[in-house]
Amino acid sequence: MTNYHAKYFAHELVKRSPANSYEKLTNTILDAKVDLNPHQVEAALFAFQSPLGKGAILADEVGLGKTIEAGIIISQNWAERKRKILIILPSNLRKQWSQELMDKFYIPSVILETKSFNAAIKSGNFNPFDTNEIVLCSYHFARNKADYIARTNWDLIVIDEAHRLRNVYKKNNVIANTIKNAVNPYKKILLTATPLQNSLLELYGLVSFIDEYAFGDLKSFKAQYSHLNGDNAFLHLKERLKPVCKRTLRKQVVEYIRYTKRIPMTQEFIPSDDEQQLYEWVSEYLQRPNLNALPAGQRTLMTLVMRKLLSSSTYAIAGALNSIMTKLEKKLKGLSKVQTGDSSWIEEILEEVAEDYEGLSEESDEWEDEEGNLYTEEDIEAIQREIDDLRDFRDLAISITENAKGEKLLTALSSGFQKIEELGGVKKAVIFTESRRTQEYVLQILSETEYEGKIVLFNGSNNDEKSKEVYKNWLEKHKGTDKITGSKTADMRAALVDYFREEAVILIATEAAAEGINLQFCSFIVNYDMPWNPQRIEQRIGRCHRYGQKFDVVVLNFLNRKNAADVRVYELLNDKFRLFEGVFGVSDEVLGAIESGVDFEKQVLAIYQNCRTQDEIKDAFDELQSQFQDSITTEMHNTRQKLLENFDEEVHEKLKVAKERSESLLSTHKQRLFDITKKTLAGYADFEEGGFVLNTVPDAVDATVGRYTLSQDENLGHRYRIGLPLAHYAITQAQNLETSNVEIVLNYTGIPKVSVIEPFIGKSGWMMVKKVTIDSFEIIDEIIVSCICDDGTVVEPDIARRLFSVDGKIVGDVDSAPDAIELNYKSLFKGFTGWLAEENAKFFDEEMTKLDAWADDLKKSLEIEIKQLDVEIKTRKTESRKITELAAKVSEQREIKKLESQRNEKRKFLFTAQDDIEEKKEGLIDNIESRMNQEITETELFTIRWELRG
């Protein structure tokens, strides 16, 4: 490889490509640790398709990896130094997203919540959103901190589970409208499997979130599209949605993704008399109208937690009861009254309970209670009585050392493993609990069986001796590789997952394991404790039933047969939501209907709290089920298909092209990076097939000595990728290589066949390579290769580029090139700039079409109002003729005159409004026009004389 090869490759490798080009994403995908799926590349390109676009709605069906699509988009922005990026999402997905961004895209992020936000403010950062890391926050937090979000200059905002915002068109939807106003000026990507649930107005709401000029106002949208009569209306709306919304179906990608099934199993149990007594006592306590131990400010959330722990194990509820009781005793000791305004002890209870029930911090972010009353002197006697009751409950719980559910665990594992064996899966199981104390109890049971020494715990702290040992061994094993991130939390999680994959049989996990880890090597999930929130259950199952799973997944659920409410909850989750069986689990329609799942969870809690008899429980659950009976109507289902889903043949062909083009570019870029590195790091490293060993680090480069690999397998060493400072150094060195005018002999023998250049064997000529940078709607680089033969034949640029696939040898210096090479370059330059002008014209036309439609919508809205007044005036005139009494007739005529006056005013306003609309439109055109002014820079990289020998 000559300096000329390396310099050309280096500039090609890092050139900035047009928004709708596959090359734009090649380096991002090459750097990412993801398997290439063509529909994800297509979705990411769709989001970039126009430099004038305001964003996109990515609406792929569940299970197609919208997070990966967003990750590619985020990673590309990150690579372009556009790093003010905000992700708004459900609180239970924050850790998962943070982990995936680091694991798959090597991008750091920070989760902002009340605690971290306040700490940042205290440290002197007056806007914690303004940071050099990607920011993740929940919907509720985004609503509460909207002012901070609004004054941060974002490059990109990603909103996951965006169907939560679909009712933004309703002014009383406070969260959606607050967030919309805060993020309005910035480019946005919305992710949702259910952009259309119950009404076309939801689509209007989501699209308006992206671009307020995509449609006119709500009134005109309703008038045009609320009743889609005939194909023309459908086609018209579909065309207007096309630039902003993309949806891929699972059936369209089965060629690239293999799906497995979910197989449900149930392990029933009947609690002992003492367990049942404890349940009834605590349940009756939680149903009392007034509880001083659980004041109104936290009562709903704490009641939910107490009921979860009550159904988890006697160990879990005993701990919670003891925490509440001891805190109350401590508060009352030596006091004549509870001090006004002092509620810190409630926070202490919450913190203590959260050590056991790890889902508390995230659930509290979604649950909002009413503010409670302050304690007074009159409450003390009632609090003391509660303490006595709590002590009795706790003592009973402590006395119960064996739980009926625990005694059935071995039976459940045996039947589950038998099923796994039949399906060909590996003998491994994930057991999910909602309590750390229950986790310890399950560990104790299993440690006295054949599973002793084959169990690993996974929770929020991972501070047990076994976990520490696993972590220590893992660090030693992966020393000197990129497996070690330097974050103890992330590395501990990776160590435990690796240990489970390679050695353990059973992983006992709290809710912490349902977030951000991939366990597709395991195909057996045990829900020892069952969440009520369907989204949380789906998240658990999704740890194993995901892309890369080779076997059908068994989902085994424990069920208290004696508890009528538990039975009905399970029936809803299993029969109605179909969480536990089929290929995809919960449907898009149900996901959309339950949104975050918190409202459903609250409704279930209300039933537990308010229903005392079997009949009351039955009636309440029947009513709840009826709410989800028709989560989406057949009419809306058909409408969604017509508007958002393309023909399979069209999609299939595009995906095929995307796969072939992307794989070809990835292969080329990977080889070029390796070749450049061999050239520029020759004195620093020893090279081998697929990697190298760095012996010495170049000056001022942030790198470590050791083995580097082009493979995604980080066990082989540091993963070598374009995003590394070491790769940046190699590329920069290649870009700056000395390249004076020389003659190069290219030797075609002994290399893989390149048929397009074979006709030029034995010929010679000249080549000029220039880099052209155009700054217009976006910054684009093009490497123009002008190449001619001595006989005057022009070598097409694509063929000329292939000459660099042949190694060369410099044979001497040469004089300046003939004029023909410059003339050919000018022709190619004109062709490129002409093509770019045409592309920009298309983008401009698309924006103008959108703005024209927006202006027409607003005019129609005003015309509709006038027409409605015309109809009302005509109706009232007709009715007035029927009035016989003169006074009444005169009064009615006055009302008609008022309406006519209103109509006349609106007619005048229509002309004024049309002028206003045109003025707004002109302002938008001016904005686009100001971005059209092109700045062109031309840089000659080198000129050579070449000869191709056979």
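User: Which residue in β23 stands opposite Met 767?

Analyst: Ile 944 stands opposite Met 767. A word on the basis first. This is a predicted model, in which local features need pLDDT of at least 70, side-chain atom pairs count only at pLDDT 80 or more, and totals for chains, interfaces and linings use all residues. Residues are numbered from 1 along each chain as its sequence is written, and side-chain values use heavy atoms, with hydrogens and water left out.

User: What makes β19 and β23 a pair?

Analyst: Two strands pair if DSSP finds at least two bridges between them. Strand β19 (residues 764–775) and strand β23 (residues 935–949) have twelve bridges, in the antiparallel sense. They therefore count as paired. Strands here are DSSP runs of E, at least two residues; helices are runs of H or I, at least four residues; both are numbered from the N terminus.

User: What is the strand order of the six-stranded open sheet?

Analyst: The order is β21-β20-β19-β23-β18-β22, with mixed pairing. The edge strands are β21 (794–795) and β22 (808–813), since each pairs on one side only.

User: How do you know that helix α1 packs on this sheet?

Analyst: By contact, meaning heavy atoms within 4.5 Å. Helix α1 (residues 3–14) touches β18 (742–747), β19, β20 (779–789), β22 and β23. Its direction makes about 140° with that of β23. Such angles run from 0 to 180 degrees between N-to-C directions; the axes are lines fitted to C-alpha atoms, for helices over the stretch in contact.

User: Which strands does helix α33 lie across?

Analyst: Helix α33 (residues 819–880) lies across β19, β20, β21 and β23. It runs at about 145° to β20.

User: Why are β14 and β17 called edge strands?

Analyst: They belong to an open sheet of four strands in the order β14-β15-β16-β17, with mixed pairing. β14 (685–688) and β17 (718–719) each have a single partner strand, so one side of each is left without a neighbour in the sheet. Four bridges join β14 to the antiparallel strand β15 (residues 691–694). There, Ala 685 stands opposite Leu 694.

User: How do you know that the length of helix α28 agrees with its residue count?

Analyst: The expected span is 1.5 Å times one less than the number of residues. For the 14 residues of α28 (residues 614–627) that gives 20 Å. The end C-alpha atoms are 20 Å apart, so the two agree.

User: Which residues of α28 are buried?

Analyst: Ile 617, Phe 621 and Leu 624. They cover an arc of only 55° around the axis, which puts them on the same side of α28. That arc is taken from the directions from the helix axis to the C-beta atoms. These residues pack against α25 (564–576) and α27 (598–610). The face turned away from the buried side carries the exposed residues Asp 615 and Asp 619.

User: Why is Thr 28 called buried?

Analyst: Buried means under 20% relative accessible area, exposed over 50%, and partly exposed in between, with a 1.4 Å probe and protein chains only. Thr 28 has 4%, so it is buried. It is found in helix α2 (residues 22–31). Not counting residues up to four places away in sequence, Thr 28 touches Ile 72, Ser 75 and Gln 76.

User: Why is the pair of Tyr 204 and Phe 221 called tilted?

Analyst: Rings of Phe, Tyr and Trp (its six-membered ring) pair if their centres lie within 6.5 Å; planes under 30 degrees apart count as stacked, over 60 as edge-to-face and the rest as tilted. Here the centres are 5.1 Å apart and the planes are at 45°, so the pair is tilted. Tyr 204 lies in helix α10 (residues 200–210) and Phe 221 in helix α11 (residues 218–225), so the pair ties together parts 17 residues apart in sequence. Tyr 204 is buried at 11%, and Phe 221 is buried at 2%.

User: How many aromatic pairs does the structure hold?

Analyst: It holds 32. One aromatic cluster is formed by Tyr 4, Tyr 8, Phe 9, Phe 804 and Phe 942.

User: What makes Ser 50 count as buried?

Analyst: Its relative accessible area is 10%, so Ser 50 is buried. Ser 50 sits in the loop between α3 (38–48) and β1 (55–58). Leaving aside neighbours within four places in sequence, Ser 50 is in contact with Lys 187, Phe 843 and Glu 846. The C-alpha atoms of Ser 50 and Phe 843 are separated by 6.3 Å, though the two are 793 residues apart along the chain.
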